Amino acid sequence: MGYSLDFGWLAGAAGVIARGAAMTLLLIAVTTLAGTFLSILGAAGKRNGPKPLQLAIGVYVEVMRNTPFLVQLFFIFFGLPTLGIRLDPILAAMLAMTLNMAAYTIEIVGAGLDAVPRGQTEAALALGLRPRQVFVKIVLPQALKVIYPALTSQIVIMMLESAVVSQIAVRELTYEADMLQARTFRAFETYFVVTMVYLGLSMGLRRLLVASGRRALGAGVS
Amino acid sequence: MIEFTFWDIVRNLLLAARWTVLLSLAAFIGGALVGLAVLFFRIAKNKWVKRIASGYIALFQGTPLLMQLFLMFFGLPMLGLRIEPWTAAVLGLTFFASAYLAEIWRSGVDALPRGQWDAGASLGLHYLQELRLIILPQAFAITRAPTVGFLVQLIKSTALTSIIGFEELVRTSNAINNATFEPFKVYGLVALIFFVMCFPLTQYARRLEKQAPVR
């Protein structure tokens with residue numbers, strides 16, 4: 001018995017798919033901003049903070065990098081309420097994604113900080129800048145420029161991994177796909193279309209990041 | 001109602017972890033074999049063959065693994081194959097792994113100086129001999145660290161097969177959690193088991209990275 005593909009449902013589903021994609025983009029936008037900010041703090045703390053803080057950041061990075069995102073998500077969404085912290089699904093998803101991404105980007109940002117020559121800091125200090133100014137105005141911009149491509153890849157990877165948050169009923173792209181296929185009984189076609197949407201999103205996101213990186217950080221960013 | 005003691009939980013999780021290990025191994029071996037084929041296409045001289053391999057890699061690296069697993073799970077029955085979560089999980093992860101491994105090894109091939117090919121040719125080796133005797137051994141050697149690093153990623157990725165119904169660690173933990181209502185403990189233990197599997201490999205990859213000769 002042959003199976004014939006049917007994409008007739010697609011016209012009526014475009015709105016739902018677009019809404020799901022918008023939620024996916026919102027999730028990754030929040031994660032990118034919060035995750036990058038957190039990882040700058042983390043990378044700076046791991047280099048200049050007090051010993052216990054350095055150790056804590058190191059443990060955090062290893063734990064997050066060596067456990068699956070899905071388990072982290074379940075731990076935050078189902079586990080934290082037993083401690084009295086109840087998060088709604090979207091917040092839980094944003095928190096899990098941010099914490100997961102930060103673990104990877106702490107290492108990336110750290111590598112960038114290490115790549116800035118020590119003389120830059122010394123020169124800035126000699127000019128009378130305060131240590132915080134040196135970090136924010138001299139070291140960090142140079143570090144970001146070095147690591148920007150790696151950061152871009154990590155953001156795209158995180159966007160793809162966000163498909164998993166459908167499991168705690170966040171109404172993003174995968175969740176909408178699950179609902180659609182339950183309604184249309186066209187599972188393969190639905191997931192195929194949504195997979196292509198993801199492909200478009202990841203290619204578009206990469207382009208956007210590269211273009212905005214060029215603009216913000218100057219030429220030479222690929 | 002069945003009471004679960006702490007040991008019952010641990011024992012059941014460890015039993016389920018066997019499937020996670022088995023799935024990781026199957027997917028890694030399958031992924032290495034398919035990945036090798038993709039690598040051959042990717043470094044072929046023909047422009048179109050190369051482009052197809054690039055497209056294959058871009059497709060798997062540009063879409064969520066969860067979607068790939070769903071497509072396997074719902075797509076295979078259309079080809080008339082009887083579908084089981086295990087089959088879909090192994091095949092899905094195999095193709096996923098093949099794209100990443102091919103790309104990792106390709107970077108190794110690209111890193112080799114052009115002279116290695118020329119030297120092989122001047123010794124009278126034909127293309128396949130060059131690959132087998134000169135290029136691939138070196139390419140594998142210099143990409144050992146990222147290969148092990150990817151294995152860690154693959155082990156973590158097996159968690160997603162719980163969503164298409166494969167009874168591995170995470171799916172079992174969901175069931176236990178539904179019976180015990182102790183998510184903090186259950187998911188904490190699951191994270192710990194994954195950590196114990198992945199951390200030594202991560203450390204090993206790090207050591208390989210340090211050992212790698214500077215080129």
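Trainee: What share of the 215 residues in chain B do the buried residues make up?

Mentor: This is a predicted model, in which local features need pLDDT of at least 70 and side-chain atom pairs count only at pLDDT 80 or more, while totals for chains, interfaces and linings use all residues. Residues are numbered from 1 along each chain as its sequence is written, and chains are lettered from A and ligands numbered from 1 in the order in which they are written. A residue is buried if 20 or more other C-beta atoms, placed from the backbone, lie within 10 Å of its own. In chain B, the buried share of the 215 residues is 40%.

Trainee: How many helices does chain B have?

Mentor: The C-alpha trace of chain B spans about 75 × 45 × 25 Å along its principal axes. Helices are DSSP runs (H or I, at least four residues; strands are E, at least two), numbered from the N terminus. Chain B has zero strands, and its helices number nine.

Trainee: Is α3(B) largely enclosed or open, and how many of its residues are buried?

Mentor: The buried residues of α3(B) run from Leu65(B) and Leu66(B) through to Phe74(B) and Gly75(B), with Gln68(B) and Met72(B) among them. What covers them includes α7 (173-184) and α8 of chain A, together with α2 (47-61), α4 and α7 (144-157) of chain B. Helix α3(B) is therefore largely enclosed by the rest of the structure, the buried count being 11 of the 11 residues.

Trainee: Which word describes how α3(B) and α4(B) lie to each other?

Mentor: The axes of α3 (residues 65-75) and α4 (residues 85-111) of chain B come within 9 Å and cross at roughly 135°. On the side of α3(B), the contact is made by Leu65(B), Gln68(B), Leu69(B), Met72(B) and Phe73(B), while α4(B) brings residues including Ala88(B), Gly92(B) and Phe96(B); two residues are in contact if their C-beta atoms, placed from the backbone, lie within 7 Å. By class, this contact has nine nonpolar, two polar and no charged residues. The two helices are therefore described as oblique.

Trainee: Which helix gives the largest share of the side of chain A that touches chain B?

Mentor: The contact takes 31 residues from chain A and 29 residues from chain B. On the side of chain A, the elements that give two or more residues are α2 (51-65), α3 (69-79), α6 (131-161) and α8 (187-217). The residues on this side divide into 20 nonpolar, eight polar and three charged. The largest share, 10 residues, comes from α8(A).

Terms used. Axes fitted to C-alpha atoms, helices over the stretch in contact; angles between N-to-C directions. Parallel < 35°, antiparallel > 145°, perpendicular 65-115°, else oblique. Nonpolar A, V, L, I, M, F, W, Y, C, P; charged D, E, K, R; others polar. Buried ≥ 20, exposed ≤ 12 C-beta atoms within 10 Å, placed from the backbone.
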